[in-house]
Amino acid sequence: MCAHVLVAEDDEMQAELIRRSLLAEGHSATVVHDGAAALDAARRLRPDLVVLDLMLPVVDGFGVCRVLRGGEEDIPVLMLTARSEEDDVLLGLELGADDYMTKPYSPRELMARIRTVLRRSGRTAGVREDPVVRAAGLAVDPERHEVRCDGVPVECTPAEFQILLAMAAEPERVFTRRQLLQCTRGFDRASTERAVDVHIMNLRKKIEADPRRPVRLLTVFGVGYKLSGGRP
């Protein structure tokens, strides 16, 4: 059961934790950090589920849910917030939220709730069953922990795998070194953003025909890196 999930969370660390948990479950994810961006992404991408923080800047979670429920798209919404007052819970449910979780929470419980909402909403009927994430000639399998480049197996360290999985799930997105470093937490003892440069250098040796002139794993000067080539 693989779905595309839109994560609207202004706390970057929380958002990254949710995104990594979704990728580990075989889902793909798009992350935004304010309500206006959430509405734009929901209209463009039509995700299978929105994980929606209540306390978003620009437009709060209540406003996002109100607009989503007033439109034609019937996208399931799981609200996620630090506010646990009964009135907030009731208002969120009255606006059409399918479920409601309060912080702090365990990632395992959140993933279980997401599975339940997807199953209950029937959104799984149209989503792909293949857990493999494909982009730019790469096939990254989170279940088998395997990577193929143009059909050829590629040996990756755990940290390299997590970086490729994140970037393949969102081709053309520019990741900062800090964001990529967060992907390697728990797999890499290195604690500096410069460690990411080493991982990228090693990955280029494995997936580029000419690592000195990369066409897949590109540097965006002054920002970070992106995986170019899009989805097949």
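1. Helix α8 (residues 194-207) lies across β11 and β12, at about 145 degrees to β11. Helices (H or I, at least four residues) and strands (E, at least two) are DSSP runs, numbered from the N terminus. Axes are lines fitted to C-alpha atoms, for helices over the stretch in contact, and angles run from 0 to 180 degrees between N-to-C directions. Contact means heavy atoms within 4.5 Å.

2. This is a predicted model, in which local features need pLDDT of at least 70 and side-chain atom pairs count only at pLDDT 80 or more, while totals for chains, interfaces and linings use all residues. Residues are numbered from 1 along each chain as its sequence is written, and side-chain values use heavy atoms, with hydrogens and water left out.

3. The sheet under α8 includes β11 and β12. It is an open sheet of three strands in the order β10-β12-β11, with antiparallel pairing. Its edge strands, β10 (175-176) and β11 (217-220), each pair on one side only. Two strands pair if DSSP finds at least two bridges between them. Between β11 and β12 (residues 224-227) there are four bridges, in the antiparallel sense; L218 has K226 in β12 as its bridge partner.

4. The axes of α6 and α8 come within 10 Å and cross at roughly 80 degrees. That makes α6 roughly perpendicular to α8, a term for angles of 65 to 115 degrees, where under 35 counts as roughly parallel, over 145 as roughly antiparallel and the rest as oblique. On the α6 side the residues that meet α8 are A159, E160, I163 and L164; their counterparts in α8 are H199, I200, N202, L203, K206 and I207.

5. Strand β8 (residues 146-149) pairs with β7 (residues 138-141) in the antiparallel sense over four bridges, and three bridges join β8 to β9 (residues 152-154), also antiparallel. A139 has R148 in β8 as its bridge partner, while V147 stands opposite V154 in β9. In a regular strand the side chains alternate between the two faces of the sheet. In β8 the covered face holds V147 and C149, and the uncovered one E146 and R148.

6. Both hairpins that involve β8 have a residue with positive phi. The hairpin of β7 and β8 has four residues between the strands, and H145 takes a positive phi near 55 degrees. The hairpin of β8 and β9 has two residues between the strands, and D150 in the turn has a positive phi of about 55 degrees.

7. The count of disulfides (pairs of cysteine sulfur atoms within 2.5 Å) comes to zero. C156 is in no disulfide, and the nearest cysteine sulfur, that of C149, is 9.6 Å away. C65 counts as buried because its relative accessibility is 0%; buried means under 20% relative accessible area, exposed over 50%, and partly exposed in between (1.4 Å probe, protein chains only).

8. H27 is found in the loop between α1 (12-24) and β2 (28-32). With a relative accessible area of 2%, H27 is buried. A polar atom of the H27 side chain lies 2.9 Å from the backbone nitrogen of A3.

9. R115 is in helix α5 (residues 107-121) and, at 29% relative accessibility, counts as partly exposed. R115 and C2 are 113 residues apart along the chain, yet their C-alpha atoms are separated by 9.4 Å.

Methods. A polar contact is a pair of N or O atoms within 3.5 Å; within protein, one must be able to donate a hydrogen and the other to accept it, and residues adjacent in sequence count only if both atoms are side-chain atoms.
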